[in-house]
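Trainee: I have a structure open beside me and would like to learn how to read its features one by one. Could we go through them slowly?

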Amino acid sequence: MSILPGHDWWNGLPPAAGAAVMATGIISVGLHLTGHEAVSLVALVVAGVLWLVLAADFASRLLSDRGRFRAEADTPCALTAVAATTIIGTRLSQQGWQTAAAVLLAVAALLWPALLFNVVRHWRRRMPGAAFLGCVATQGLSVLAASLADADQQDWLARAALVTFCLGLLCYLAALFRFDLREVVGGAGDHWVAGGALSISALAGSKLTASPVWTGSAHTTLRTVTLALLALSLVWYVVLLAAELRHPRPRYDIRRWATVFPLGMTATACLSVADPAGIAWLRPLGEVLLWIAVGAWLLTFSALVVSHLTAGRAAPGR
């Protein structure tokens, strides 16, 4: 399955397609942090267009196909709607468009409780990496709330960001106990979210650490937790990369966008943590990882196009 399944590709997209928005959006955030503004804006436009398409499809299913909507709302991939919205909002906040970012935060916050509840109550043992999307969506709220708090000097938003940060860590632990470790060597792409969820947690931690609201022991604790989360995410990065090299999975799958997202998120986390943590070498590391993520995005998009063209030629009557 691809993001472009046919001439009417904009209809009936699976929830997993939201990972493409997440991947493109976080790469735009990383490119902005490294000063590549033109390319970052291009990525933002692409992510924004994809988000609008998915939002329209989401609304269409809600209004005209309730059965399918309810079935998809119970799957972990439904939470990409929240995560993608917060990532686009974070990039808009970077651009100085705080009102638009605040609107997206409100949208994501409204979607988050119901979707998370539906997903969690359908959890089972031996889940794929998509189980970690509960953490990703929750930490996405923390990242965006902390970004707006910093931009508008809203202390209550910083405190709300801390609450969702802690909830996100609980979601990660709950998902970890249900994650099927065999996915590391056989997953279709979303197994990378096991590391990406820690990366977005580190990104949220960096935003909180940089906030003037937290001082003294609170600031020290946030810095320590953030560094621990980043270190663990880098360990996951190495483990998952080694597994990919040992057990190659070259066939295109829509869940490969859930591989690109953690690559971009780990890079962005390194870039974001460097300054508030006072660790300068994280910035060049983040820049290297960012270009790896850009390469992965281009590779995945190329695989998508080839898969689509191949499917078109193989279709009956063509």
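Trainee: What volume does the largest cavity have?

Mentor: A cavity is, on a 1 Å grid over the protein atoms alone, a set of points where a 1.4 Å probe fits but cannot get out, while a pocket is an open set with protein on both sides within 12 Å along at least five of seven lines, and lining residues have an atom within 4 Å of a point. Grid points are joined across faces, edges and corners, and a volume is the space filled by probe spheres set on the points. Here the largest cavity has a volume of about 90 Å³, and the search of the whole structure finds three cavities of 30 Å³ or more. Its lining includes A16, M22, C77, D190 and R255.

Trainee: Before we go on, what kind of model is this?

Mentor: This is a predicted model, in which local features need pLDDT of at least 70 and side-chain atom pairs count only at pLDDT 80 or more, whereas totals for chains, interfaces and linings use all residues. Residues are numbered from 1 along each chain as its sequence is written, and side-chain values use heavy atoms, with hydrogens and water left out.

Trainee: Which elements give two or more residues to the lining of the largest pocket?

Mentor: The largest pocket has a volume of about 430 Å³, and 19 residues line it, with E244, R256, T259, L299 and T300 nearest its centre. The elements giving two or more residues to this lining are α10, α11 and α12 (282-314), and α12 gives the most, with five residues.

Trainee: How many residues of α6 are buried?

Mentor: Buried means under 20% relative accessible area, found with a 1.4 Å probe on protein chains only. In α6, 17 of its 20 residues are buried, and the helix is mostly covered. Helix α6 (residues 133-152) reaches 28 Å from its first C-alpha to its last, close to the 28 Å expected at 1.5 Å a residue, where the expected span is 1.5 Å times one less than the number of residues.

Trainee: Is T85 buried or exposed?

Mentor: T85, in helix α4 (residues 80-94), is buried, with a relative accessible area of 2%. Its side chain reaches the backbone oxygen of A81 at 2.6 Å. Contact means heavy atoms within 4.5 Å, and, leaving aside neighbours within four places in sequence, T85 is in contact with W51, L104, V107 and A108.

Trainee: Which side chain does R91 join in a polar contact?

Mentor: A polar contact is a pair of N or O atoms within 3.5 Å; within protein, one must be able to donate a hydrogen and the other to accept it, and residues adjacent in sequence count only if both atoms are side-chain atoms. The side chains of R91 and Q95 are joined by one of 2.9 Å. R91 is also found in helix α4 and is buried, with a relative accessible area of 0%.

Technical notes: Helix = DSSP H or I, 4+ residues; strand = E, 2+ residues; numbered from the N terminus. Buried < 20%, exposed > 50% of the residue type's maximum accessible area, 1.4 Å probe, protein only.
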